[in-house]
Amino acid sequence: MKWQGRRQSSNVEDRRGRGGGGKTPGIIGIIVLLVGAYYGVDLSGLVGTPSMGVTRQSTLDNKLESQLNELSRVVLADTEQTWHKIFAQHGQQYRPAKMVLYTGGTPTACGTGQAAMGPFYCPGDQTVYLDLSFYEDMRTKLGASGDAAFAYVIAHEVGHHVQNLLGILPQIHQAQQGANQKQANALSVKLELQADCFAGIWARDSINQNLLDTSDVQEAMLAAESVGDDRLQKKSQGYVVHDSFTHGSSAERMAWLKRGIDSGDINQCNTFAAN
């Protein structure tokens, strides 16, 4: 992935090293469950994985952390460019998401955010929250590594921001309030898969600019596979409960990411109309 020395987004606040946050997820944990904010992986794609269980000190060395800092800002800038173009094509104006880099825990408009939850998006302040040490969790706990894999995670979270701007996120959140657990989970899955498809649209735009190549796409696909509910449940508890899925299976996550990559069309990402 070509990211070194490229434009970085200015919509980033660096809170690393400040500490903050309590020992419990608070209301943000509830929001993650209700609207699929893994948001933490993503996503919250990664909510519920063993590596996300406790808040801990970062194990990143200074060089790698510096590289991830730059990579995150470049990827955010790329998503801004991608979504500015797409919104303009539909006669709308894109309002970029903000990103907060933090360590361990940090206050958000959704409550206290914790690194143990993985990257997440808070609709209340339209911000993506990212502890860079998640990169190590991806590598050591999920078997997914590389700059393109990490970029996919960020693009997925920005996908939730796009859903928020389009009114999809609040509509699904409201629908979940009157739904039973099975129905709420099913809505969360569709929300997460759509964010994967939106991440694929970013990837398609980056491919067209020769910023991503075939190996990068494969890296992103493997990252999507690594955060499938079936794979995470199998790893953590030894069996799979489909009705408890909140993000989709590995096959579904890869399929919708690929759909976004192949089409580059936001209209092809309507997971809510798909079986």
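**Entry 1: ground rules**

I call a residue buried under 20% relative accessible area, exposed over 50% and partly exposed in between, with a 1.4 Å probe and protein chains only. I am working on a predicted model, where local features need pLDDT of at least 70, side-chain atom pairs count only at pLDDT 80 or more, and totals for chains, interfaces and linings use all residues. Residues are numbered from 1 along each chain as its sequence is written, and side-chain values use heavy atoms, with hydrogens and water left out.

**Entry 2: aromatic pairs**

I started with the rings. A pair of aromatic rings is described by the distance of the centres and the angle of the planes. My rule pairs rings of Phe, Tyr and Trp (its six-membered ring) if their centres lie within 6.5 Å; planes under 30 degrees apart count as stacked, over 60 as edge-to-face and the rest as tilted. I get 6 aromatic pairs this way.

I looked up tryptophan 83 and phenylalanine 198: their ring centres are 5.4 Å apart and the planes stand at 70 degrees, so I note the pair as edge-to-face. I find both tryptophan 83 and phenylalanine 198 buried.

Next I took tyrosine 102 and tyrosine 129, an edge-to-face pair with 6.5 Å centre to centre and 70 degrees between the planes. Tyrosine 102 is in the loop between strand E2 (98-101) and strand E3 (105-108), while tyrosine 129 is in strand E6 (residues 127-130), so the pair ties together parts that are 27 residues apart in sequence. Tyrosine 102 is buried at 1% relative accessible area, and tyrosine 129 counts as buried at 2%.

I also noted a cluster in which ring pairs link Trp83, Phe87, Tyr94 and Phe198.

**Entry 3: the sheet**

In what order do the 4 strands of the open sheet lie? I read E1-E2-E6-E5, with mixed pairing. Strands of a sheet pair through backbone hydrogen bonds, either parallel or antiparallel; I count two strands as paired if DSSP finds at least two bridges between them. The edges are strand E1 (12-14) and strand E5 (120-122), each pairing on one side only. On average, neighbouring strands of this sheet are turned by 25 degrees against each other, direction ignored.

E2 and E6 run parallel and are joined by 4 bridges. I picked out lysine 98, whose bridge partner in E6 is threonine 127. Helix H4 (residues 147-165) packs on the sheet and touches E2, E5 and E6, its direction making about 25 degrees with that of E5. Contact here means heavy atoms within 4.5 Å; axes are lines fitted to C-alpha atoms, for helices over the stretch in contact, and angles run from 0 to 180 degrees between N-to-C directions.

**Entry 4: salt bridges**

I counted 10 salt bridges, each a side-chain nitrogen of Lys or Arg within 4 Å of a carboxyl oxygen of Asp or Glu. Arginine 7 bridges to glutamate 80, with the closest N and O atoms 4.0 Å apart. Glutamate 80 counts as buried at 7% relative accessibility.

For aspartate 205 and lysine 85 the closest N and O atoms are 2.7 Å apart. This pair links distant parts of the chain, with aspartate 205 in helix H6 and lysine 85 in helix H2, 120 residues apart. Aspartate 205 is buried at 12% relative accessible area, whereas lysine 85 is partly exposed at 37%.

Arginine 253 lies in helix H9 (residues 250-263) and aspartate 196 in helix H6, so the pair ties together parts 57 residues apart in sequence.

I also logged a network of salt bridges linking Asp14, Arg16, Glu65 and Arg73.

**Entry 5: positive phi**

Glutamine 126 has a positive phi of about 50 degrees although it is not a glycine. I place glutamine 126 in the loop between E5 and E6, partly exposed at 25% relative accessibility. Asparagine 210 has a positive phi too, near 60 degrees. Asparagine 210 is in the loop between H6 and helix H7 (214-226) and is exposed, at 54% relative accessible area.

Methods: Helices (H or I, at least four residues) and strands (E, at least two) are DSSP runs, numbered from the N terminus.
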